[in-house]
Amino acid sequence: MPIELYLLGAAVVLGLVHVLWAVNVKTAQYGTQWNMGARDAEMPPLTPLAGRLARAQANFFETFPLFAAVLLAAVAADRLGWKTELGAHLYLWARLIYLPLYAAGIPKVRTLVWLVSLAGLVLVLSALFLG
C-alpha cells in the first residue's frame with residue numbers, strides 16, 4: 001500500500017482526536033446530560049479552551065475533505081510520486097502540530113503551520129494535474 005494512504009489513514013485518526021477532544025472538553029463544561037441530550041437548549045458560551053478546540057475541529061474539517069479527495073484522485077490516476085508523498089507528509093504533520101498550537105491559543109505560529117498544511121495539499125493537487 002502506498003505511504004500516502006497510510007498518511008490519509010493517520011489524518012482520519014487525527015480527525016477523530018479533534019472530535020473526541022472537543023466533545024470531552026464541552027462535556028466537562030456542560031455535563032453528561034447535555035452530551036446525551038438533544039442539545040436544543042441555549043447554553044452559556046464555551047470556555048476559551050472549548051471554543052478553541054471547536055474552532056480547530058471546524059478548521060480541520062474544512063480542509064480534510066479536500067485533502068482526502070485530491071489524494072484519492074492521485075491514487076486513482078496513478079499520479080503518486082515525490083510530490084504526493086511530501087505533500088501528504090506536510091499536510092498530516094502540520095495538522096498534527098496545528099491542533100495543540102490552537103488549543104494553547106498561539107495565534108501567529110498556528111497560522112504559519114496552517115500554511116504548511118495548505119502547501120502540502122497544493123503539492124498533492126499539483127501532482128494530480130501536472131504530474
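In which helix is the place of T84? T84 is in helix α4 of this predicted model, and its side chain makes a polar contact with the side chain of E4 at 2.6 Å. The protein contains 5 helices and 0 strands, arranged along the sequence as α-α-α-α-α.

**Overall architecture**

- The protein has 131 residues, of which 37% are buried.
- The C-alpha trace extends over about 50 × 30 × 20 Å along its principal axes.
- Among contacts with a sequence separation of 6 or more, 77% are between residues 24 or more positions apart.
- Helix α1 comprises residues 3-30, and helix α2 comprises residues 32-36.
- The remaining helices are α3 (48-76), α4 (82-104) and α5 (107-130).

**Annotated spans**

- An unreviewed UniProt entry carries the annotation "transmembrane region" for residues 56-76, 88-106 and 112-130.
- For residues 88-106, the model gives 89% helix and 0% strand, with the end C-alpha atoms 24 Å apart.
- For residues 112-130, the model gives 100% helix and 0% strand, and the end C-alpha atoms lie 26 Å apart.

**Nonpolar core**

- The largest nonpolar core consists of 28 residues, and the members that touch the most other members are L8, L53, F64, F67 and Y91.
- Helices α1, α3, α4 and α5 each contribute at least two residues to this core.
- Beyond its neighbours within four places in sequence, L8 is in contact with F64, F67, A68, L71 and L72.
- Two of these partners of L8, F64 and F67, are themselves named among the core residues that touch the most other members.

- E4 belongs to helix α1 and is buried without a salt bridge.
- The nearest side chain of opposite charge to E4 is that of R79, at a distance of 12 Å.
- A salt bridge requires a side-chain nitrogen within 4 Å of a carboxyl oxygen, and R79 lies 12 Å from E4.
- Setting aside residues up to four places away in sequence, E4 touches L71, L80, G81, T84, E85 and A88.
- T84 has a relative accessible area of 0% and therefore counts as buried, the cut-off being under 20%.
- With neighbours within four places in sequence left aside, T84 is in contact with E4, A74, R79, V124 and A127.

**Residues in loops**

- R39 is located in the loop between α2 and α3, and its phi is near 60°, a positive value in a residue other than glycine.
- R39 is classed as partly exposed because its relative accessible area is 44%, between the limits of 20% and 50%.
- T47 lies in that loop between α2 and α3 as well and is partly exposed, with a relative accessible area of 33%.
- D78 occupies the loop between α3 and α4, and its phi, near 55°, is a positive value in a residue other than glycine.
- D78 counts as exposed because its relative accessibility is 67%, and the threshold is over 50%.
- The C-alpha atoms of D78 and T111 are 32 Å apart, and the two residues are 33 residues apart along the chain.

**Y102 in helix α4**

- Y102 is part of helix α4 and is buried, with a relative accessible area of 9%.
- Y102 and R52 are 50 residues apart along the chain, and their C-alpha atoms are separated by 6.3 Å.
- Leaving out neighbours within four places in sequence, the contacts of Y102 are R52, R55, A56 and R110.

Conventions: Residues are numbered from 1 along each chain as its sequence is written. This is a predicted model: local features need pLDDT of at least 70, side-chain atom pairs count only at pLDDT 80 or more; totals for chains, interfaces and linings use all residues. Side-chain values use heavy atoms; hydrogens and water are left out. Helices (H or I, at least four residues) and strands (E, at least two) are DSSP runs, numbered from the N terminus. Buried means under 20% relative accessible area, exposed over 50%, partly exposed in between (1.4 Å probe, protein chains only). Lys and Arg count as positive and Asp and Glu as negative; His and the chain ends are not counted. Contact means heavy atoms within 4.5 Å. UniProt positions are given in the numbering used here, feature names are shortened, and annotations may be inferred rather than shown by experiment. A nonpolar core is a set of buried Ala, Val, Leu, Ile, Met, Phe, Trp, Tyr and Cys residues joined through side-chain atoms within 4.5 Å. A polar contact is a pair of N or O atoms within 3.5 Å; within protein, one must be able to donate a hydrogen and the other to accept it, and residues adjacent in sequence count only if both atoms are side-chain atoms.
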